[in-house]
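Here is a short briefing for a reader new to this structure.

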Amino acid sequence: MFKRVIYDNWTEWVPYVAFGITALVFFSFVIRAITLRKERADEMGRIPLDD
Amino acid sequence: MTSASATKTTIEFNDKVVRQFMLASIIWGVVGMLVGVIVALQLNFHQLNLTSWLSFGRLRPLHTNAVIFAFVGNMMFCGVYYSTQRLCKARMASDFLSALHFWGWQFIIVCAAITLPLGLTRGQEYAELIWPINIMVALIWVVFAVNFFWTLAKRNEPSLYVALWFYISTVITIAILYIVNHISIPTSLTHSYTIFAGVQNGLVQWWYGHNAVAFFLTTPILGIMYYFLPKVVERPVYSYRLSIVHFWSLVFIYIWAGPHHLLNTALPKWLQMLGMFFSLMLWAPSWGGMLNGLLTLRGAWDKLRTDPIVKFFIAGVTFYGMSTFEGPLLSIRAVNALSHYSDWTIGHVHAGALGWNGFMAAGMFYWLAPRLYGTKLHSLAWANFHFWIGTIGILIYVASMWTSGIMQGLMLNSTNAEGTALTYPNFIETLTSIRAMMGFRIIGGTLYLVGTILMGVNIFLTIRKGKAVNESREVVLLERNAKDTMGMKETFINDPIAYMFGGLLLILGWLFLPPGADIASLICAGIFAALAVKKFSEGHSRWSRWYESLLTNWLPFTVLTFVAVALGGLIQIIPTVAVTQAKNMEDRIQQVYTPLELAGRDIYVAEGCYNCHSQMIRTMLPDVLRYGDYSRLGESIYDHPYQWGSKRTGPDLAREGDKYPHSWHFDHMMEPRSTSVGSNMPAYPHLFTEKFDQKTLPKKIAVMVQLGVPYPPMDGAEIKTKAIEQGIKIVGELKTQGKAAEPDTKIVALIAYLQKLGKYDVPKVEDKLQATPEGIPFPVKPGLPDKFRSASTN
């Protein structure tokens with residue numbers, strides 16, 4: 001299997017791996033962003049303006 | 001922190017280094033763009049290749065390196081130093097390190113500006129600099145990193161704003177990319193061979209090259225966007241939540257996209273697919289970021305009419321959106337078959353470099369200059385004029401390159417209805433048809449350059465009427481326990497990390513374990529995912545607290561960012577690099593270069609021939625009809641560095657060997673138009689008088705042997721004798737064709753190399769059976785595409 005790494009296409013599942021990894025990361029952080037308290041988000045967003 | 005007992009102090013920011021980087025960026029920007037206009041002129045008027053050190057092949061790397069590392073690099077450091085101090089409410093940790101960083105970086109640029117025209121190069125795009133300079137780059141980057149992280153450690157603001165996240169990802173990732181891609185073994189003070197060859201080299205090079213775009217030209221500028229845009233429009237970023245998704249999705253996904261630069265080549269197909277899919281996925285975070293930037297202007301759109309700084313920022317962010325739309329589009333294999341090796345890619349990168357990087361730089365400099373010199377901008381009208389002339393310049397440039405690229409791509413790929421013959425078999429015909437577009441590129445580039453010069457003058461006059469000022473600010477000193485309280489144990493031994501990495505390991509097991517175990521691993525991954533969901537629903541607040549803590553702890557945040565960016569690279573690179581060995585090649589293995597051919601190859605690299613000629617016949621019918629049988633993995637397995645190229649201003653040379661007699665190459669190098677009417681290639685008369693380097697040949701071959709190239713045992717004298725003997729043979733053949741040359745001249749070595757291109761051996765079936773573990777189907781059938789080659793066992 002390992003040696004075939006330079007010759008096999010694995011067309012059947014490579015797209016699913018790419019989609020799965022992206023979806024995992026994307027939705028993990030979407031959930032994280034949604035659950036962030038509004039006050040905390042506002043506070044963080046104002047940091048550059050805090051002169 | 002805000003209690004009555006809180007200690008206040010006044011700090012003075014180190015704005016001197018900000019001013020220095022700003023001025024350096026403007027000066028190098030003008031230089032880099034001027035060289036760009038010159039090389040664009042050379043493409044239209046070959047006579048402008050005045051001398052060897054001013055030829056296109058040597059100046060084009062100078063242009064790209066100057067714009068990327070000198071113009072954008074200095075601009076990025078300027079923005080990072082300014083905003084980091086404000087976001088941390090702390091002066092940079094060390095004035096000495098700041099100064100060392102600035103002067104060290106300028107010294108590196110000067111070294112590059114001297115060595116590249118001299119033909120001292122590693123022969124890989126955006127990684128051309130020779131090894132001593134690369135060591136300096138690594139050291140100065142470490143200086144920057146130490147200074148940056150030290151400042152984070154002594155900050156007086158507990159939270160790490162999103163701009164700092166982007167800077168952290170830049171510092172970490174560029175260090176990894178640069179070091180790995182530049183690992184070389186020196187053969188002399190000015191020359192080295194990369195440890196990677198052929199497809200390994202291509203994969204690592206574009207992992208680096210693509211992510212240099214991502215983490216040098218994009219993430220730091222996004223950090224700058226997240227800091228400066230709210231400052232300019234005086235309102236917070238549109239959605240801080242969106243910035244979280246933007247950051248993590250971008251840094252995690254970007255690193256996987258490199259192989260899209262090698263579509264339809266000999267690169268393993270699964271890697272091509274991964275590169276393509278991850279590039280497509282990048283649409284989401286990139287556009288999320290763009291919209292976050294644009295919508296930050298909510299309620300202040302009227303400023304677009306009056307404030308040139310807002311114009312530059314908004315146009316810059318819009319170009320970011322356009323480029324990040326076009327990039328994934330070009331990564332679709334079918335589109336790439338048309339666009340790759342053509343001017344379309346050149347148009348794409350200039351939309352990013354001029355529109356995104358250049359306009360963000362202009363907006364930031366116009367905003368910074370009055371503040372850094374305690375005065376008003378000399379002329380808002382000039383800044384407005386700069387915006388418009390720059391925008392028109394970019395549009396002319398990009399539109400002409402799109403037209404040129406699509407037109408030439410269509411012509412090169414056009415065949416008759418049966419697919420048995422090319423419609424335009426003469427390459428020069430396709431080049432001639434795009435000459436007008438290449439002319440428009442000069443106009444567009446010149447307009448943009450004029451705008452940049454105007455900005456330089458405007459800022460110079462602003463400086464003259466002002467005086468350098470360092471901003472002082474009263475800050476509340478942060479108590480020791482108000483930041484960076486999270487230890488490594490707390491960072492890594494917890495449910496979110498355990499489930500994330502456990503799941504990833506099990507998925508990797510599915511990919512790489514033998515049949516049976518792979519399915520078991522996949523089932524375990526599914527069970528693990530279900531457990532993670534259950535744990536999350538039980539302890540949602542605990543998971544949130546862990547993430548929340550990261551935002552006030554720079555070290556764990558940095559380590560996690562490192563893991564996020566390292567994963568993609570490791571999974572793509574390690575298996576391919578480990579397996580791509582001559583013993584694993586199933587059909588063709590490149591013939592080893594003789595000493596003279598190796599010397600010729602080094603001349604090919606030094607002259608920058610890879611800037612216009614590829615050595616990779618893609619798995620596409622038009623490529624095969626035009627250049628011959630498609631290139632195999634094993635056919636460049638001894639090429640340190642690989643020379644697959646990324647642009648075909650001239651034809652592919654992968655099977656150039658024995659295509660023409662020696663005299664054709666002789667005449668072609670002396671005056672390309674004598675053999676190829678209408679060519680825009682520079683003439684290389686100096687190759688006919690200069691001697692090739694015999695002295696370092698033994699060392700070069702010793703390094704090749706060290707890298708695994710199977711040279712027979714030879715001592716130094718033998719190597720030199722072999723080189724001269726082959727030179728004498730070529731000179732003899734040239735003489736019969738009516739040409740005279742000395743056997744130790746560069747032209748003879750180059751002819752030897754060009755005539756070797758495309759030569760390969762086919763391993764004997766019994767050798768392969770002996771070297772192959774049980775279960776791998778052999779023998780192979782050379783000449784058949786990969787997909788037909790795996791089933792036969794007799």
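H7(B) and H14(B) lie oblique to each other, because their axes cross at roughly 40 degrees and only angles under 35 degrees count as roughly parallel. The model is a predicted one.

**Helix pair in chain B**
- Helix H7 of chain B covers residues 219-233, and helix H14 of chain B covers residues 343-372.
- Their axes come within 11 Å.
- The crossing of H7(B) and H14(B) is left-handed.
- H7(B) brings B:Ile221, B:Ile224, B:Met225, B:Phe228 and B:Val232 to the contact.
- H14(B) answers with B:Trp356, B:Asn357, B:Met360, B:Met364 and B:Trp367.
- By type, the residues of this contact are 9 nonpolar, 1 polar and no charged.

**Strand pair in chain B**
- Strand E1 of chain B (residues 8-12) and strand E4 of chain B (residues 472-476) run antiparallel.
- The two are joined by 5 bridges.
- B:Thr9 stands opposite B:Val475, which belongs to E4(B).

**Contact between chains A and B**
- Chain A gives 31 residues to the contact, and chain B gives 41 residues.
- On the side of chain A that touches chain B, helix H1 (14-35) and helix H2 (38-45) each supply at least two residues.
- H1(A) provides the largest share of that side, with 13 residues.
- The residues of that side of chain A divide into 22 nonpolar, 5 polar and 4 charged.

Definitions and conventions
Residues numbered from 1 in each chain as written. Chains lettered and ligands numbered in written order. Predicted model: local features only at pLDDT ≥ 70, side-chain atom pairs only at ≥ 80, totals over all residues. Contact = placed C-beta atoms within 7 Å. Helix = DSSP H or I, 4+ residues; strand = E, 2+ residues; numbered from the N terminus. Nonpolar A, V, L, I, M, F, W, Y, C, P; charged D, E, K, R; others polar. Pairing = 2+ DSSP bridges. Axes fitted to C-alpha atoms, helices over the stretch in contact; angles between N-to-C directions. Parallel < 35°, antiparallel > 145°, perpendicular 65-115°, else oblique. Left-handed = near helix turned anticlockwise from the far one by under 90°.
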